[in-house]
Amino acid sequence: MALSWKHPIKDLLHGGDYNPEQWSPDVWREDIRLMKKARINCVSIGIFSWSHLEPEEGRYDFAWMDELIGLLSSNGIASVLATPSGARPPWLSQRYPEVLRVNDQGIRNLYGQRHNHCLTSPVYREKVAAINRRLAERYGANDSVILWHISNEFSGECHCDLCQSAFRDWLRRRYGTLDALNAAWWTSFWSHRYTDWNQIDAPSSRGDRVHGQNLAWQRFVTDQTVNFFNAEVAALREFDTKTPVTTNFMGAFPGLDYVEFARHLDIVSWDSYPRWHSDPHSDAAIGAETSFTHDLTRCLKRDQPFLLMESTPSQVNWQQVNKLKRPGMHQLSSLQAIAHGSDSVQYFQWRKSRGSCEKFHGAVVDHCGHENTRTFRDVTQLGETLAQLSQLPGSLVPARAAVIYDWNNRWAIDAYYGLRQDKKNYFEEVLQYYRGLWDLSISTDCVDESASLDRYQLVVAPMLYLLKPGMAEKLEAFVQRGGTLITSALTGLVDQDDLVFAGGAPGPLRKLLGLWVEETDALYDHDTVVVRPLKGLPSLQGEFAAREICERVHLETAVPLAVYGSQFYAGEPCLSENRFGQGSAYHVACRVEAKFTHALLRDIAARIGLQSNWSLPLPEGVNVQKRASAQGEFYFAMNFNPREVTLPAPAFPLRDELSGQPVTGPLSLPSYGVTVLRRD
Ligand code: GLA
Ligand code: ZN
């Protein structure tokens, strides 16, 4: 059961990473003045404070932290308190080299960077638990500490002997016997039959990358990271059972299965750094991708808000080109997070450091040290807006459509050899379908294969290559009851261990899709194949281009809706519908241009009465999201274009939540404009 806030902060949170250990207490006082001015009500502290909290092994110094938390709290600013395990003091690695990570070449790293430790090491766990206990003992009951921020952006893997042996234990638990493992990993291939658990290592470019092993290792890395996280939390819980816990995720980061991880969090949070303005024509693609990632993060706990833990108030420093946010974009990108269910806008970072590698990363307070900057004014304006949106916290995003994005599926796709070696484009394929719904402003959940589908009218499952046990049955039941399913090429190829289904694709989905796949063509980047819609779908007119992957399918109970128009397979079906129970399953047998998938989604949405959040058609690059609670429905109309647009009049009367003005006719939004409207 997830813990909820223990602090009476009723407002949306506004603040960010604060690193006061880089500054003297007189600067802290100036920070407080500036924070109040910018309407900051919450900061994250202690993330990289270990060497200040424990300057020598076993000698702790909390005096400065006491003063800091007191100062913040007496000024009405809450703290998100981090455990410091994300970066270690030098004494720790010097004394206990086992805490240093070993890479896949078997080489132990030197001290440095951050997130550079072995998550199995008993010494590291013990040292982390020791400091966590003290933090919890000292601050756990403090009402102004509202949330534990466990470590920072967990990532990476370690190949040391301790981790290898933990991996073997994990394999024993998962497979029970070597026979079962040998069968699951198909080790008869290339004479790989294991006769001793100790013959098995983590995947390495110097050794093996057997598919089953690869998948098992990635699952192990998630489990071991979660296990480390849980050990951190257990140490806190010895003294504090009330304060909720989170850790900051990184969107669709492929290294950890966040769905598994999130089960152990009270509140989900993430760090969002979109490449705004990287496309010369429009920010719509970046807007849609960011929207997807917010939805993906929210759906890690579908029925509660999430937190935007980090974002930049201006620019970052680690992208190839670190562009400033254009006027309007700060308000737009921040309210976009709120629109998708975030109850906070937090930044990295409050004050720009003077030294080391993040000294040119954007911050609320720049090196000039005062508030007379564009960024500070943007942040202040947002702070005022957030304070006005006091009805928002706790409200949810009701969605009747879902797109499936699954980490295990991604791992298996990334690993296979065949068809096209690179540019497998799973993420891009998911985004393409998601974008079709985004253009229609249909609220969408992004869930993995484990999610219940009961609440949806439409489920889009692009490139669902790996089917977990029970997935086919779940999709069947969903369609049987009247749901609509869309699948795309490369669906239903392998089982949970990455073994190809006997009988070929789409494996156990054959009955539901009403077809089987005979062979799959892979195309060069310069190849296209014509796609010709048949009658029946009004938006699908003319010809379209398939690229990259074309399946040759045989329809059994499905009927064709489009056929290939070129190649030796011209005339064969490439879009089909299979009526199944009360619903329908559509299969798009090729990877096809967005114009086609968007039109298909538009027609299917119209067919099944899936509601847009606004009257259609909307101008390109405009998106409307909705949050709802007992206080009403809140509509966020967002313009990702660098020019003014006009939206058609809404289907029902709305009121501008910020100005109080009613909106009945067409609605104008300025360049990168955003507005929040309420329907009572
Ligand atoms: C991540 C980290 C922060 C900081 C930012 C910079 O999100 O958690 O500590 O390095 O990136 O963008
Ligand atoms: Zn290790």
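## Starting at the ligand

How far is an oxygen atom of ligand 1 from an N or O atom in the side chain of D271? In this predicted model, the distance is 3.4 Å. An N or O atom in the side chain of H361 is 2.7 Å from an oxygen atom of ligand 1, and for the side chain of E358 the distance is 2.3 Å. On its own, ligand 1 has 310 Å² of accessible area, and the protein covers 96% of it.

## The shell around the ligand

Which residues surround ligand 1? They are F48, R114, N152, E153, N248, D271, Y273, E310, W318, F348, E358 and H361.

Six of them, in the order 5-4-3-2-1-9, form an open sheet with parallel pairing. Strand 5 (245-246) and strand 9 (344-347) each have a single partner strand, so they stand at the edges, with one side of each left without a neighbour in the sheet.

Further in, you can follow one pair residue by residue. Strand 3 (residues 78-82) runs parallel to strand 4 (residues 145-149), and 4 bridges join them. One place to look is A82, whose bridge partner in strand 4 is H149.

## A helix across the strands

Which strands does helix 3 lie across? Helix 3 (residues 63-74) lies across strand 2 (42-45), strand 3 and strand 4. Relative to strand 2, helix 3 runs at about 170 degrees.

Methods
Residues are numbered from 1 along each chain as its sequence is written. Chains are lettered from A and ligands numbered from 1 in the order in which they are written. This is a predicted model: local features need pLDDT of at least 70, side-chain atom pairs count only at pLDDT 80 or more; totals for chains, interfaces and linings use all residues. Side-chain values use heavy atoms; hydrogens and water are left out. A residue is near a molecule or strand if one of its heavy atoms lies within 4 Å of it. A polar contact is a pair of N or O atoms within 3.5 Å; within protein, one must be able to donate a hydrogen and the other to accept it, and residues adjacent in sequence count only if both atoms are side-chain atoms. Accessible areas come from the Shrake-Rupley method with a 1.4 Å probe; for residues, only the protein chains shown count as cover. Two strands pair if DSSP finds at least two bridges between them. Helices (H or I, at least four residues) and strands (E, at least two) are DSSP runs, numbered from the N terminus. Contact means heavy atoms within 4.5 Å. Axes are lines fitted to C-alpha atoms, for helices over the stretch in contact, and angles run from 0 to 180 degrees between N-to-C directions.
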